[in-house]
Amino acid sequence: MLKINNLHVSVGDKPILKGLTLDVPAGEVHAVMGPNGAGKSTLGYALTGRPGYEATQGEAAWNGADLLALDPAERAAKGVFLSFQYPIEIPGVPALTFVRTALNAQKRARGEEEVSAPAFLKLVRAASQKLRMDFDMLKRPLNVGFSGGEKKRMEILQMALLEPSLLILDETDSGLDIDALRIVADGVNALRSPERAMVVITHYQRLLDYIRPDRVHVLAGGRIVASGGPELAHELEAEGYDKYLPQAA
Amino acid sequence: MSALNIRDSSTFPSRRVEAWKYSDLRRWLREAPEVSSAVAVSGDGPWAGLGGDQLAFGNGAAAGADAFVGSGEQVLRLRFVSETSGTGHTAAARISARPGARLLLLESHEGAGSGYVAHNRLEIDVAPGAEVTRLVLVEEPEDAISVTEAEVRLGEGARYAQTIAATGAKLQRLETRIVHPGQGADVRMDGVYALSGARHVDLTSVVDHQGPDGRTSQLAKGVVRDTARGVFQGKIVVQRGADGTDARMGHHALILGERAEIDAKPELIIYADDVQCAHGNTVGNLDESALFYMQQRGLPADEARALLTQAFLFEVIDRIDHEGARERVREWLGDRL
């Protein structure tokens, strides 16, 4: 269970999240929708510990672990994964090397045995086939020269290999055409399980046709202002976010 | 300014000499040091395992020959070993490659002891159509002073590729001067440095394009921590008539300590028309967003920093063609980050 209670987060001196409360039980997929500037990406960064995103008040816990007390790598080892809206390019580090280094770092942190190079290659071959990714691409530096769609697939591939338990997807559909979107969504859906919780952050309803949420929340002005079933996403698509925007003073 | 002679203190340049502005030898060395005694050179040095012949100097004294002539395909380990405290020595070596030769010159500067002064002079002649790859590993005590000067002369159509990897010393300067005849000759002039503590390294080079249609590609990268200081002075001259020259120079450094320093002076001096020349110089820090991304995937901060730093520097190493030597330099540098 992801439990966020009265979370306040500032970037610099600017308060962005202002008392956000949200529970996502394991086994469920929750969508967080909202207008631009509502604090959607801030929520993802705050849960994963990005420097500069300071939690000034409130709590966030995953399976009982106080996330705000952990550094980003410790959170990752607890199973927290953020699929970035704009995945970062890492020149000079081949994608394969990067993912294996990350996987083994997590395993070390959990006191598990590391994965050998041959065993890892076998896992990658299987996972990359499912995402219809060219294996040779994985020998190139991570995300360098990848198209927008390739970068998003690379995120999902890492997700499949790292097997996180709390998956946060930040605008995963942006930059994807309909075929790529289907492949990416299939990859995400394959990871649905009773132990996993997913938070799908999105501006548009489109992604939710492919990754069906159990609950939909509206994030506006730094708080969850409405929650409902999947039908809420359609309502937002039809009516927009206007009625949730703070009234002009 | 007369040539540096460590037995004559009047030849020691101070920072008032433009070419030594960032490496003030006189500040650290006021008087000529006592002359070192020769020592025997043992073991095979950091290039062990890559085979070849050996030319070695122990505290400046040649252990056998002081010159080598390469023909056909050859490997030469050139070792400058300093093993003394508080004394000074000069070594001089001459290397040449005959027409059509392919010489892999594996040079090492191996320092033990403390506070010594080493001066190495190297002359390299690359005959027309010959190819020399000079790879240099430099590891010396933090209180040593060393100056290495290489004069490289190329024939038409010759290829010369150089990569220096250095960890600095109290003052460590590696200077390369290349007379580039153009006429299809090709030069790669790379360097990489990783400095910590109060170490200082100075990579200085002059490539003088004297004829048309020559190529030079230069890439230097470094990382400085603590109070270390990295100096890069790269000069490429394109003389009148050296049309069709293609010269590129890049120097990029990471400053990972608040009191560390980089001094970079890239210079392109062009007297010819119709040339392609470019240079770039950047100094910065590790990319914060990349660091966060790597940590988000589970790499502890230290490991993420080390991996990014290594990747940054290895771009230079990856330009070495010879696979075995390239792997050796990667390993050597990786162990010193």
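Start by selecting helix H2 of chain B, residues 288–296. This helix is mostly covered, with 7 of its 9 residues buried (20 or more other C-beta atoms, placed from the backbone, within 10 Å of a residue's own). Helices here are DSSP runs of H or I with at least four residues, strands are E runs of at least two, and both are numbered from the N terminus. You are looking at a predicted model, where local features need pLDDT of at least 70, side-chain atom pairs count only at pLDDT 80 or more, and totals for chains, interfaces and linings use all residues. Residues are numbered from 1 along each chain as written, with chains lettered from A and ligands numbered from 1 in the order written.

Now colour the buried residues of H2(B): Ala290(B), Leu291(B), Phe292(B), Tyr293(B), Met294(B), Gln295(B) and Gln296(B). Show their cover, which includes H3 of chain B as well as helix H1 (40–48), helix H2 (72–77) and strand E6 (80–83) of chain A.

Next, display both chains: 18 residues of chain B are in contact (C-beta atoms, placed from the backbone, within 7 Å) with 20 residues of chain A. On the chain B side, H2 (288–296) and H3 (301–317) each supply at least two residues.

Finally, move to chain A and select H4 (residues 117–130) with H5 (residues 148–162), which pack at an angle of about 135° with axes 10 Å apart.

Technical notes. Axes are lines fitted to C-alpha atoms, for helices over the stretch in contact, and angles run from 0 to 180 degrees between N-to-C directions. Two residues are in contact if their C-beta atoms, placed from the backbone, lie within 7 Å. A residue is buried if 20 or more other C-beta atoms lie within 10 Å of its own, exposed if 12 or fewer, and partly exposed in between; C-beta atoms are placed from the backbone.
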